[in-house]
Amino acid sequence: MRETATRFFMVPDDQDQPKEMPVNENQNGGKEKLVQQEDLYDVVIVGGGPGGLTAGLYAMRAALKSVLIEKGLPGGQIAISDSVENYPGFESISGFELSDKFFQHAGSYDLEVLQEEVTSVDPGLEHHSVTLRTGRVIKTHAVVLATGGSPRELEIPGEKEYYGKGVSYCATCDGFFFRGKTVVVVGGGDTAVEEALYLSKIAEKVYLVHRRDALRASRILQQRAMNECKIEILWNTVALEVKADEHGVCAVTLENVQSGEQRDLPVDGVFIFVGFIPNNSLVPQGIKMNADGYVVTDEKCETSISGIFAVGDLREKYARQIVIAAADGCTAALAGAHYVEVRKGGETVCAMPVSPA
Ligand code: NAP
């Protein structure tokens, strides 16, 4: 039978103490808390999108004691994408299927996955702490933040009120309800155009409302949208208000930003894809972020606090693509493995901010 001796690690202060942890007197008469080895992870990954799942896969391959925590279903934003056509190796695959493949692949290495909500990530001198909604505190050497982003809102009257009654941020989820109807898509990026194309297969008419005279989306998507007769692009136009009657959304008020002309366009649904904002509420104080709230990292995806990494859409970068989120996950896990190895080898690694935020 394998020996099951318990090893202990020193932790510095009261906040670092997990439940029912033994407490010993140290030589200086002060109390030191001891973290049982089985409570201590090498890496905790927060978020189960492509970045988090790839980090999990590489962490397991590096024999790190790892856990991935995701409050929803694994897959992140891509799980609700209709079709992904630029992930190498797959000419076309649904977002759900691709995210499932990520999940199954990480699972094949027995990655532990908890479906729980993380309420805080707290840097510590010896170990970092990840607290769950349940109150459980998980100690870890390294943390990978992979919390992604959420759809940005237009913040116009009627948007919040009629969300779910004709206003949507997900064509794959809600497009079905608009079969044979008229919808408006707001935005000019890849997401807006992709979703407009998806909706054109279902709806009778799709208006694509964009605030400028040129789309931000990739050329190939632009061409497809322009070739789709069900899509009509309304250039230099912004949405001012969503209106509804007793059946739900019935119109959107538009303004031409050049002429100033306003009109009510009768529609049954309003799909809003005007970018997204990083989910940075769990980013601990002291970690450097840019003006838009994206976490600034070095080339190892390490933040300004040692042992805390950020990957995917949360991280400041040139392009936000699935393949890049996956690459980030790989980088963070490999760098994390080195970090953990150094710590376990007894070398001192500064666990506090390297540079002030
Ligand atoms: P995005 O590229 O940031 O585009 C947002 C669009 O919304 C822009 O056209 C922007 O207009 C418009 N917009 C922003 N705020 C607005 C406002 N208040 N009122 C009206 N319009 C507003 O966001 P995204 O399309 O969600 O894409 C995010 C990232 O994911 C991008 O890097 C994109 O390439 C990537 N992505 C890739 C794929 C793919 O490769 N298959 C699919 C989806 C997303 P302006 O152009 O005038 O700024």
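1. Basis. In this predicted model, local features need pLDDT of at least 70 and side-chain atom pairs count only at pLDDT 80 or more, whereas totals for chains, interfaces and linings use all residues. Residues are numbered from 1 along each chain as its sequence is written, and side-chain values use heavy atoms, with hydrogens and water left out.

2. Overall make-up. The protein chain holds six helices and 20 strands, where helices (H or I, at least four residues) and strands (E, at least two) are DSSP runs numbered from the N terminus. Of its 357 residues, 48% are buried, meaning under 20% relative accessible area with a 1.4 Å probe and protein chains only. Contacts are heavy atoms within 4.5 Å; among those between residues at least 6 apart in sequence, 59% join residues at least 24 apart.

3. Helix 1 and its surroundings. Spanning residues 50–61, helix 1 has twelve residues and reaches 16 Å from its first C-alpha to its last, close to the 16 Å expected at 1.5 Å a residue (1.5 Å times one less than the number of residues). Ten of the twelve residues are buried, so helix 1 is largely enclosed by the rest of the structure; among them are Leu53, Leu57 and Met60. The cover over these buried residues includes strand 4 (40–46), strand 5 (66–69), helix 2 (95–107), strand 9 (137–145) and helix 6 (322–344). Just after helix 1, Ala63 takes a positive phi of about 60°.

4. Helix 1 against helix 2. These helices pack at an angle of about 20° with their axes 9 Å apart, the axes being lines fitted to C-alpha atoms over the stretch in contact and the angles running from 0 to 180 degrees between N-to-C directions. Helix 1 and helix 2 are therefore roughly parallel to each other (angles under 35 degrees). In the contact, Pro50, Leu53, Thr54 and Leu57 of helix 1 meet Ser99, Phe102, Phe103, His105 and Ala106 of helix 2. By class, this contact has six nonpolar, three polar and no charged residues.

5. Helix 4 against helix 5. Helix 4 (residues 190–200) and helix 5 (residues 219–227) pack at an angle of about 35°, with axes 10 Å apart. The contact is made by Asp190, Val193, Glu194 and Leu197 of helix 4 together with Leu221, Gln222, Arg224 and Ala225 of helix 5. Its residues divide into four nonpolar, one polar and three charged.

Key. Buried < 20%, exposed > 50% of the residue type's maximum accessible area, 1.4 Å probe, protein only. Nonpolar A, V, L, I, M, F, W, Y, C, P; charged D, E, K, R; others polar. Parallel < 35°, antiparallel > 145°, perpendicular 65-115°, else oblique.
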